[in-house]
Amino acid sequence: FGSITPDNRILLLEGRPGCGKTTLTRKISKDWGEDTVLRFIKHLFLIPLRYFNKKAPINLNSILGHFQMTDLEDSIVETGGESVCFVFDGLDEYIERYSTEGNSWFGQVLRGEILPSSTIIVTSRPNASVELRNVVHSRGEVLGFLKKQIDEYIIKSYPNSQQKVDELKTYLDNHLNIKHMCYIPFNLVMIIFIHNNCQKKSTPLPETETDVYHRFTIMSLVRYF
């Protein structure tokens, strides 16, 4: 984020479902709050765009109202959004995302027609952000886990049982099609959830990717309903 400057202030972060885009936005917010990133930003607003699908149209007033900070509106407008960062999470979940090309507040902000000094970070699945690529100043991709991070997550999931760690790693080594799924963080969480349930019930682990999704759906329904 050191590359974000007044002339390079709009960043698009794309990634596949479950790869960690929302987690990354929360990490950005946390690190900003601890003054380790975006130190020139005075106010940062993390905005899940799906929240506005059933709420008031998205604009500065509705955003500030969501955070109960409407008293800041006049000063933000007067400075053109200087020292303000809007993190719009989940463009693909926003019903009005195509309004970025029209006269909506969202589109005007992205094009710099209003609040031209504000810093903007947008996350999205790639198929929903095509129209933004000619508007943003920088693009990045959230890839998910590296192999080392997969191993670390498995170990943290079983802090008191090396046996379970070894069993899951062996299972994944013997099922490379399923191991490949683990590079997407949500998939790894799902597989660990299935592994725990199969151990408790002494049932065999999935053999295919389809079986992983099927088992997860059934286990989740049994657990929560």
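Start by selecting Phe88 and Val122: in this predicted model, Val122 in strand 4 is the bridge partner of Phe88. Now show the whole of strands 3 and 4, which run parallel and are joined by 4 bridges.

With 6 of its 6 residues buried, strand 3 is largely enclosed by the rest of the structure.

Now for the largest nonpolar core, which has 26 residues. Select Phe45, Ile58, Ile63, Phe86 and Phe88, the ones that touch the most other members. Strands 1 to 4 each give two or more residues to this core, and so do helices 2 and 4. Helix 4 has the largest share, with 4 residues.

Zoom in on Ile58. Which residues does it touch, leaving aside those up to four places away in sequence? You'll find Leu49, Phe52, Ile63, Phe88, Tyr94, Trp105 and Phe106.

Then move to a second, separate core of 20 residues, with Met181, Ile192, Val212 and Met219 among them.

Last stop: helix 8, residues 185–201. Its 17 residues should span 24 Å at 1.5 Å a residue, and the end C-alpha atoms are 25 Å apart, which agrees. Its buried residues include Leu188, Ile192 and His195. Just past the helix, click Ser202, which takes a positive phi of about 55°.

Notes. Residues are numbered from 1 along each chain as its sequence is written. This is a predicted model: local features need pLDDT of at least 70, side-chain atom pairs count only at pLDDT 80 or more; totals for chains, interfaces and linings use all residues. Side-chain values use heavy atoms; hydrogens and water are left out. A nonpolar core is a set of buried Ala, Val, Leu, Ile, Met, Phe, Trp, Tyr and Cys residues joined through side-chain atoms within 4.5 Å. Buried means under 20% relative accessible area, exposed over 50%, partly exposed in between (1.4 Å probe, protein chains only). Contact means heavy atoms within 4.5 Å. The expected span of a helix is 1.5 Å times one less than its number of residues. Two strands pair if DSSP finds at least two bridges between them.
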